[in-house]
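Me: I would like to learn how to read a structural model feature by feature, taking the general idea before the particular case. Could we work through one together?

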Amino acid sequence: MSSFTVTRRVEIDAAHRIPDHGSRCRHLHGHRYVVEAACGNPSLQEAGEERGMVLDFGFLKEEMLAVIDAPCDHGLLLSVDDHVMLALLAGGSDRPEAWLEGLRERVAGQGYAEGRDPALGGKLYLVPGPPTAEVLARHWYERLAPRVHARSRGNAALLAVTVWETPNCWARYQP
Ligand SMILES: Nc1nc2c(c(=O)[nH]1)N=C([C@H](O)[C@H](O)COP(=O)(O)OP(=O)(O)OP(=O)(O)O)CN2
């Protein structure tokens, strides 16, 4: 059976750290992340403005910018369990415990928390585990998949998300 795949790439700059890492990756550092989303469809759409397409590249770009670029570009990607970093940032809040509790509730409820940190005012994006390339690939897959489905009116499916941390290291989530 034939099938078609389209892939869109977005790039962001972000900082992270891997708190449990035994070497240098436990220290706060940055990456030029490259994120690729691959979408598939066994056949091309037959009507409307997406006729002849799996999914309009432009629609995929809009969804990736909303889910990845807007909350994370020039941001700080942390684990909700990174108590050291979160305690530092909470120092900028009038009510640090309430701020931390709010973040924990949002990560438990929806799988992530986004916003501004009260110390530096920068973008802060929390995920449930260490922000490795693997965890981020799975996380962005889970956020993007329903948007791809909706945006293609149920025609296309998100197949995989690939996250490049460096030009030589990448991880892919493909359920
Ligand atoms: N399986 C994974 N291993 C590592 C991850 C990861 O997300 N998944 N992340 C890191 C660090 O964040 C680090 O920034 C990248 O790894 P490292 O080996 O240090 O990369 P280099 O700087 O040597 O990469 P070059 O492309 O060679 O410059 C560690 N491991």
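Predicted model: local features only at pLDDT ≥ 70, side-chain atom pairs only at ≥ 80, totals over all residues.

Me: Which elements does the chain have, and in what order do they run?
Reply: Helices (H or I, at least four residues) and strands (E, at least two) are DSSP runs, numbered from the N terminus. Here the chain has four helices and seven strands, and from the N terminus on they run β-β-α-β-α-α-β-β-α-β-β. The C-alpha trace spans about 55 × 35 × 25 Å along its principal axes.

Me: How is burial read, and what share of the residues counts as buried?
Reply: A residue is buried if 20 or more other C-beta atoms, placed from the backbone, lie within 10 Å of its own, exposed if 12 or fewer, and partly exposed in between. By that criterion 31% of the 175 residues of the chain are buried. For contacts, the criterion is that the C-beta atoms of two residues, placed from the backbone, lie within 7 Å; among contacts between residues at least 6 apart in sequence, 66% join residues at least 24 apart.

Me: What does the span of H4 say about the helix?
Reply: The expected span of a helix is 1.5 Å times one less than its number of residues. The 19 residues of H4 should therefore span 27 Å, and the end C-alpha atoms are 26 Å apart, which agrees. A bend, taken as the angle between axes fitted to the seven residues ending at a residue and the seven starting there, amounts to about 30° at Leu144 in H4, with Pro146 following within four residues. The buried residues of H4 include Trp140, Tyr141 and Leu144, and what covers the buried residues of this helix includes strand E2 (29-41), helix H1 (57-72), strand E5 (123-127), E6 and E7.

Me: Which strands pair with E5, and in which directions?
Reply: Two strands pair if DSSP finds at least two bridges between them. E3 and E5 run parallel and are joined by five bridges, with Gly75 opposite Lys123. E4 (residues 113-116) and E5 run antiparallel through four bridges, with Ala113 opposite Leu126. E4 and E5 form a hairpin with six residues between them, and Gly121 in the turn has a positive phi of about 80°. Four of the five residues of E5 are buried, so this strand is largely enclosed by the rest of the structure.

Me: Where does His74 lie, and is His74 buried or exposed?
Reply: His74, a residue other than glycine with a positive phi near 60°, is in the loop between H1 and strand E3 (75-79). His74 is exposed, with 12 other C-beta atoms within 10 Å. Arg153, in the loop between H4 and E6, has a positive phi of about 55° although it is not a glycine, and counts as exposed with 11 C-beta neighbours inside 10 Å.

Me: Which residues surround the ligand?
Reply: A residue is near a molecule if its C-beta atom, placed from the backbone, lies within 6 Å of it. The residues around the ligand include Cys25, His29, Glu134, Glu165 and Cys169. Helix H4 (133-151), strand E6 (157-166) and strand E7 (169-173) are the elements that give two or more residues to this shell. The shell divides into six nonpolar residues (Ala, Val, Leu, Ile, Met, Phe, Trp, Tyr, Cys and Pro count as such), two charged (Asp, Glu, Lys and Arg) and four polar (the others, Gly among them).

How values were computed:
Residues numbered from 1 in each chain as written.
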